[in-house]
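This report concerns a single protein chain and selected features of its fold. Please consult the sequence and coordinates alongside the text.

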Amino acid sequence: MRLALKELLRKPGRFTVVGGALTFLVLLLLFLGGLLDGLYLNSTGAIRSVDADAIVFSEDARQSFLRSDIDPDTRATVEGVDGVGEVGGLGLTLLGVEIPGETDIADGAIAGYELPSGNLPAPPPPGQAYADRKLEDLGLSVGETVLVGPARVPLEVIGWVEDTNYLGQNGIWVEPGTWREVQNANRPDAFVAEGTFQALVVRFADGVSDPGGLRLEIDGATGTTESLSEADAVLAIPGITEQDSTFTAIIGTTVLVVGIVVALFFALLTLERAGLYAALKAFGASNRSLVSGLILQAVLVAAGALVLGGILTFLLAQVIPPVVPVQFEPSRAASLAVLVVLTAVLGGLVSLRRIIRIDPASAIGTGV
């Protein structure tokens, strides 16, 4: 292993090509992972922010907020189900938002809510709103008044919330009466009556042992609803499942390319070193030590590529426009790093059989 390390230190140029290729692939992997996380988080934040044990839609809504309608009588039935703790209304309206001093119209998801959560404070006073911090990147400041939709309903922004967007639209969180004003002024064809919401956020009482069964019980009691867990409501968002499977396939293919690049490089390197390996075996070196040295080189080359790729990704992140939904999560970077190193090890092991079959006698007459 010491010989392998010394070779890496004394002749780094030998590993430049594979290191450069791996650095590019690491950059690609990190960018794809950041884009996947950005798209996912930017589409699902509103649902993940409400801390729900169940999200209740009307049965004919096909799990869509924009098609759902829950009236006060249905809500009362849900509240009366044994095991239900808190119930709050939730409504979402997708509209353009005019930011003072900005010429471009921002995309907005105006959310009317009742229940605070770990990510959301108590609803603001009428006419005021909490805005997702991503709107700060688009030029919005606390204290400014935005104009929402064609009706240009004014909302004063009094604070920030984070990770609350829906379908890529910037979250703006208001109390229910303000949301109905925005909805009815801009979408008179989808008028929302007093006390009506698109969905209900339900939190179960302590001690509920069968959340799935209680969701079914809620739907049985109302006869007109479909209750989903928070995770299922996230997956019901249009495009989320397809988006995840597509990016996962691309990332998986890129990881496979990493393994192929490493395998080809070390296979060629093993052919080049055949005489050296034969001589080392003749002097008593074991197959295990030779393979360990090769794997050490593969790991160190992969680690160097991860460092350089990470630096390049960080520099790239500084110039990516705010409209591009890229979000680099430490957990994603860590999992990709482990995956790259493991793939490099597996690629290096492709040469294992060739090293084992080298005959020490072949060193005779090689001049090594």
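This is a predicted model: local features need pLDDT of at least 70, side-chain atom pairs count only at pLDDT 80 or more; totals for chains, interfaces and linings use all residues.

## Salt bridges

A search of the whole structure finds nine salt bridges. One of them joins R48 and D163, whose closest N and O atoms are 2.8 Å apart. This pair connects distant parts of the chain, with R48 in helix α2 and D163 in the loop between β6 and β7, 115 residues apart. R48 is partly exposed at 22% relative accessibility, and D163 is partly exposed at 33%.

A further bridge is formed by E114 and R75, with a closest N to O distance of 2.7 Å. E114 lies in the loop between β3 and β4 (128–132) and R75 in helix α3 (residues 72–79), so the bridge ties together parts that are 39 residues apart in sequence. R75 is buried, with a relative accessible area of 15%, whereas E114 is partly exposed at 28%. R75 and E114 also belong to a network of salt bridges that includes E79.

The side chains of E194 and R180 meet in a salt bridge at 4.0 Å, N to O. E194 is in the loop between α5 (176–186) and β8 (199–204), while R180 is in helix α5, 14 residues apart. E194 is exposed, with 69% relative accessibility; R180 is buried, with 6%.

## The largest pocket

The largest pocket has a volume of about 800 Å³. It is lined by 31 residues, of which K134, D137, N170, P322 and V323 are the closest to its centre. The elements giving two or more residues to this lining are α2 (16–48), β3 (106–113) and α4 (134–137). By class, the lining comprises 15 nonpolar, seven polar and nine charged residues.

## A nonpolar surface patch

V307, L308, I311, L312, F314 and L315 form a nonpolar patch on the surface, and together they have about 580 Å² of accessible area. Of these residues, L312 is found in helix α10 (residues 287–319) and counts as partly exposed because its relative accessibility is 40%.

## Positive phi angles

Most residues other than glycine have a negative phi. R152, which is not a glycine, has a positive phi of about 55°. R152 is placed in the loop between β5 (145–148) and β6 (153–161) and is partly exposed at 44% relative accessibility.

L167 also has a positive phi, near 55°. L167 sits in the loop between β6 and β7 (170–174), where its relative accessible area of 28% makes it partly exposed.

Definitions and conventions. Residues are numbered from 1 along each chain as its sequence is written. Side-chain values use heavy atoms; hydrogens and water are left out. Patches are made of residues with over 30% relative accessible area and no salt bridge: like charges are joined within 9 Å, nonpolar side chains (Val, Leu, Ile, Met, Phe, Trp, Tyr) within 5 Å. Accessible areas come from the Shrake-Rupley method with a 1.4 Å probe; for residues, only the protein chains shown count as cover. Helices (H or I, at least four residues) and strands (E, at least two) are DSSP runs, numbered from the N terminus. Buried means under 20% relative accessible area, exposed over 50%, partly exposed in between (1.4 Å probe, protein chains only). On a 1 Å grid over the protein atoms alone, a cavity is a set of points where a 1.4 Å probe fits but cannot get out, and a pocket is an open set with protein on both sides within 12 Å along at least five of seven lines; lining residues have an atom within 4 Å of a point. Grid points are joined across faces, edges and corners, and a volume is the space filled by probe spheres set on the points. Ala, Val, Leu, Ile, Met, Phe, Trp, Tyr, Cys and Pro count as nonpolar, Asp, Glu, Lys and Arg as charged, and the others, Gly among them, as polar.
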